[in-house]
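Have a look at the model on the screen, and then I'll walk you through a few places in it.

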Amino acid sequence: MDQRRHRTGGSVHAITRREFVRKGLGGLILLTAGGVLSSRAVAKAPLVREKAILIDTARCIGCKSCVAACKEAHGLPPEETGDLSPTTLTNVFFRPIAEPKPHLVLGEGRLQERSYKYQCMHCLDPACASACPVAALRKTPQGPVIYDASRCIGCRYCMMACPFRVPRFEWAKALPSITKCDFCAGRLAAGKKPACVEACPAEALKFGDREELLREARERIKGDPARYFNYIYGEHEVGGTSMLYLADVPFQELGFPNLPKEPLPALTWKSLSKIPGLVVLLGAFLSFVQWLSQRRVEVERIEVAVERRKAA
Amino acid sequence: MKLTPGKAILLALILLGATVTGVRFARGLGAVTHLSDRFPWGLWVGFDVLVGVALAAGGFTMAAAVYVFNLKRFEPLLRPAILTAFLGYILVILALLVDLGRPYRIWHPMIMWNPRSVMFEVAWCVMLYTTVLALEFSPAVFERLRMERPRKIIRAVTVPLVIAGVILSTLHQSSLGALFLIVPEKLHPLWYTPLLPILFFVSALAVAPAMVILEALVSARAYRRQPEGELLGELASVIPVILGIYLLLKLYALGTGGSITWVFAGTVESMMYWLELLLGVVLPAFLLAIPDVRRSVRGLLWSSSLVVLGVVLNRLNVAIIGMWAAAGTRYLPSWMEVAITAGIVALGIFLYTVAVEHLPIFPEQRLRLVQQER
Ligand code: SF4
Ligand code: SF4
Ligand code: SF4
């Protein structure tokens, strides 16, 4: 804040020198601390608005237009594979619900079940990207978590780490890669919407700035509190995701995992961040012990020699 | 080199493993393993890598005892321990080459960095420590080839080399546990704890002397040498202490993690937990605390085998059994996965025998070499 005011020069004198030093120093300390504590502060450039998709499962009619559009946009065969797979980056899943409830769009025509689209959640602090030893997975400031197949060694640690079990592996190939939804990063760069969003006939998918979509999601809940389950899935899960979900049944019924609010990479970072200190400490300790024990051996040797001379 | 029945069996296992490895490279991981998107890591990570690295801990601990703590009386046990560790790491790397989807890119972490990744750190430590082990082992080769100069150079840098090895080992032995810190919702609460890195490290410390003892006794029998009885007993006396600390840490993790009810749940997981703890920790700690057990070859053999079993069970529990429930599928390795693992282990034993038969590994072999020189 302060800096910007300085650069534009307009209101430099609005803050006193002392205040500037205090604020500036405080800010610096906070920034360094923040940077050290969470590398996310560094990774996230504030200038770019993070994009997101709002997925309103209450509106989803289960037509799978998104699935077909995604496959087409990525040059994948149109055949269904059931679950997510190397040829199905997104799919629509159907779940029976606990109590019959008329569907928002289909009304009495769909009482017993709900459908939802599933794909990579594009976490704000992705476990997969923190796990990958060669940084083949990367969160871009625009939102997409993208994958560079030319770096990947195929260790599958990203699959282990992902709390949503999204990454898929080409088990049948001799030279396999990881596959997952890429948030149509190429289309976004060209100023287009994700293919799935464009294809949805029920307006269940909406693409936009994450902040704005969160606001809209809240409004939808407020506008029809009797219908919507009062929760935005993805707002806080594992630190927040770029895919945001609304539902008219509890998310547990849809089988969404119940996850903590803390980003998972923080768990490993707690251990990793101790390494530099540990190396220094251990190095000093071992060198000291070595010096001490060496001395003891030498002292003993001298003592023995002295004893011998005395005896002789 | 004579082809004994033992070696014939080893060679047969190696051949089978190599054949299946051929199939794996031709047709992909899906064709030979029971791995799936629900269960991306299996026997090769659980056993070949996690157990392999833990069982190779004898190398850095014995080196520390002899060179850092100057406990020179353990010197006779050092070279065999370094040899096992070195071979162990080579086998781990071989297993990784089989397990990785793109093994020819195994060097990528050298130039493509991600310091936030535990796997990245493990990759670097394993790479560097294998180099350290190669250097620590090299004097055996130099002695045999009567190359004085390089031997002297290595001797001059031994202490810093050993210290580097201890640091690297501490880091990656614990980091193998830290790999699982990122799966709090996937690993069963009986095993998931923030203490995982410490538990992995301490259990590696406990299994290190057990492996050295086991190896000394088995090779003594195989080569009809006199086992270093008293020395082994002394080494064994530290095991109950380390296992005791390990047990306390395990109980602390259980108490603070709120998973105590799981212990009595009667599930497969709870049974495996009991098995791991009672058979692999409590029993050997109890046995090795008895001086008479430590004085008998059979006592040493059995109780150190139990310690090894305990670590094997622990690593497999963390990597496989503990992942069952959340994955919704009970992965068990295919016969082909087992065949490759068996082939790799057989290769390790085979290389050990070759090394022992051609290089000065045991003290009496070194003595003979020195006498020949005179
Ligand atoms: S959902 Fe999984 S694969 Fe997608 S960004 Fe998050 S951790 Fe990565
Ligand atoms: S499988 Fe590939 S993308 Fe996934 S963690 Fe390993 S190297 Fe990274
Ligand atoms: S964002 Fe693109 S890649 Fe992801 S599901 Fe939609 S169409 Fe497929």
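Some housekeeping. This is a predicted model, so local features need pLDDT of at least 70 and side-chain atom pairs count only at pLDDT 80 or more, while totals for chains, interfaces and linings use all residues. Residues are numbered from 1 along each chain as its sequence is written, chains are lettered from A and ligands numbered from 1 in the order in which they are written, and side-chain values use heavy atoms, with hydrogens and water left out.

Gln173(B) sits in helix H9 of chain B, residues 158-178; helices here are DSSP runs of H or I with at least four residues, strands are E runs of at least two, and both are numbered from the N terminus. Is Gln173(B) buried or exposed? It counts as buried because its relative accessibility is 1%, and the cut-offs are under 20% for buried, over 50% for exposed and partly exposed in between, using a 1.4 Å probe on protein chains only. Beyond its neighbours within four places in sequence, Gln173(B) has contacts that include Phe60(B), Tyr89(B), Phe200(B) and Phe201(B), contact being heavy atoms within 4.5 Å.

Now, the interface. Chain A puts in 56 residues and chain B 55. About 4900 Å² is buried between them, 62% of it from carbon and sulfur atoms; that's the accessible area (1.4 Å probe) that the two parts lose on being put together, summed over both. Met160(A), Arg165(A) and Trp171(A) supply 17% of what chain A buries there, more than any other three residues.

The rule also finds 3 salt bridges across it, meaning a side-chain nitrogen of Lys or Arg within 4 Å of a carboxyl oxygen of Asp or Glu. One joins Arg168(A) to Asp37(B), with the closest N and O atoms 3.5 Å apart. H11(A) gives the most to chain A's side, 13 residues.

Last stop, the ligands. Ligand 2 has 14 residues around it, with Cys132(A), Cys152(A), Cys155(A), Arg156(A) and Cys158(A) the closest; near means a heavy atom within 4 Å. Around ligand 3 you'll find, among others, Cys70(A), His74(A), Cys181(A), Cys184(A) and Cys196(A).
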